Amino acid sequence: MNLEYLETARQVFVKEAESLLEVSRKLDNDLSAAIDAILQTPGRVIVCGMGKSGIVGRKIAATLASTGSPSFFMHPGEAYHGDLGMVTPHDVFLAISNSGETEEVVKLIPYLKDNGNYLVGMTGNRGSTLARASHSHLDIGVVEEACPLQLAPTSSTTATLAMGDALAVTLMKARDFQPENFARFHPGGSLGRRLLSRVEHEMHSDNLPVVKAEAEVLDVIQAMSRGQLGMAVVQHNDSWGVITDGDIRRAIEKYGEYVFSKKAYDFMTPQASRIAPTARVEDALVMMESKKINALLVFDSDRLVGVFQK
């Protein structure tokens, strides 16, 4: 282990953390004004930046878009060569430049003013051209970069990213943005599955391993093999129970060779937990986690229609 390497790396975290605290203390009414402008506009938030600011800007635009504030990134070079046609007067324009003097960004200002756009400038220089031209200025200035040469953007880009997150999170709270809203924009992710999918979409409904309570152990094992769910569903009069492969192992340990003289009702778990097919996957998973079980019987009224598993 090279302790010098570790200390250098730790100092990066320390310096960037100190820079974030420094930037947080500079937040003022301009942030509130920018939030209000975004909330009130029927347009989008267009994020623009060059170089490292542009890379961070893409992430900010993506975060805004996925948290309820329609947004996209526009490269300043492409903007000046036709993409400004995508900018409507209703759009809020978020321009990022640490110096506030980036030529490709600054030369867009006359068009934006003529177009009537609300301009939010994110810079590290309050006296810069971009800062002075902005309706709202978000100060991301840091005293020191984590780079020992003070050349590579490090603390400043982290501050830019954090300021973008501050905008997005504040907007989320102002919009009362809920997990269900987030899931709508992420239908392919695990959260989308939990919140948007219904039990009926993911339950097992074919070849259900159902046995009678009087079934012998061998019949139970055969039903479990047939259903390939690691369990059997036991029908006992008007109630339903379950037997898992773990139950089978424990029964063998308990009864030994006499296990084959036992019936399903001797070692089933009675009154198995149920859920409706129209319930959300999220509700099913929460129920399973709270009960510490791995499966739910799915009933449509009094009819067994499936088995839901994690």
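## Lys-26 and its salt bridge

Lys-26 is partly exposed, with a relative accessibility of 27%. In this predicted model, Lys-26 pairs with Asp-139 in a salt bridge whose closest N and O atoms are 3.4 Å apart. Asp-139 has a relative accessibility of 8%. Because the limit for a buried residue is under 20%, Asp-139 counts as buried, whereas Lys-26 counts as partly exposed.

## Other salt bridges

The count of salt bridges comes to 10. One of them joins Lys-59 to Asp-165, with 2.8 Å between the closest N and O atoms. Lys-59 is in helix H3 (residues 52–66) and Asp-165 is in helix H8 (residues 155–175), so this pair ties together parts that lie 106 residues apart in sequence. Both ends are partly exposed: Lys-59 has a relative accessible area of 35%, and Asp-165 has a relative accessibility of 28%.

Arg-280 and Asp-283 form another salt bridge, and their closest N and O atoms are 3.2 Å apart. Asp-283 is partly exposed at 35% relative accessibility. Shared partners also join salt bridges into one network made up of Lys-26, Asp-28, Arg-126 and Asp-139.

## Thr-160 in helix H8

Helix H8 also holds Thr-160. With a relative accessibility of 4%, Thr-160 counts as buried. When neighbours within four places in sequence are left aside, the contacts of Thr-160 are Val-56, Ile-60, Ile-96, Met-122 and Ile-140.

## Positive phi outside glycine

Lys-292 is not a glycine, yet its phi is positive, at about 55°. This residue lies in the loop between helix H15 (281–291) and strand S10 (295–300). Lys-292 is exposed, with 75% relative accessibility.

Ser-301 is a further residue other than glycine with a positive phi, here near 60°. Its place is the loop between S10 and strand S11 (303–309). Ser-301 counts as exposed at 63% relative accessibility.

## The chain as a whole

The protein chain contains 15 helices and 11 strands. Its radius of gyration is 30 Å, while a compact globule of 310 residues would have a value near 19 Å. Taken along the principal axes, the C-alpha atoms fill a box of roughly 90 × 55 × 35 Å. Of the contacts with a separation of 6 or more, 61% are between residues 24 or more positions apart.

Buried residues account for 44% of the 310 residues. The accessible surface of the chain is about 16600 Å², and carbon and sulfur atoms contribute 52% of that area. The charged side chains number 31 positive and 38 negative, and the centres of these two sets are 3 Å apart.

Technical notes:
Residues are numbered from 1 along each chain as its sequence is written. This is a predicted model: local features need pLDDT of at least 70, side-chain atom pairs count only at pLDDT 80 or more; totals for chains, interfaces and linings use all residues. Side-chain values use heavy atoms; hydrogens and water are left out. A salt bridge is a side-chain nitrogen of Lys or Arg within 4 Å of a carboxyl oxygen of Asp or Glu. Buried means under 20% relative accessible area, exposed over 50%, partly exposed in between (1.4 Å probe, protein chains only). Helices (H or I, at least four residues) and strands (E, at least two) are DSSP runs, numbered from the N terminus. The radius of gyration is taken over C-alpha atoms; the globule rule is 2.2 Å times the number of residues to the power 0.38. Contact means heavy atoms within 4.5 Å. Accessible areas come from the Shrake-Rupley method with a 1.4 Å probe; for residues, only the protein chains shown count as cover. Lys and Arg count as positive and Asp and Glu as negative; His and the chain ends are not counted. The place of a charge is taken as NZ of Lys, CZ of Arg, CG of Asp or CD of Glu.
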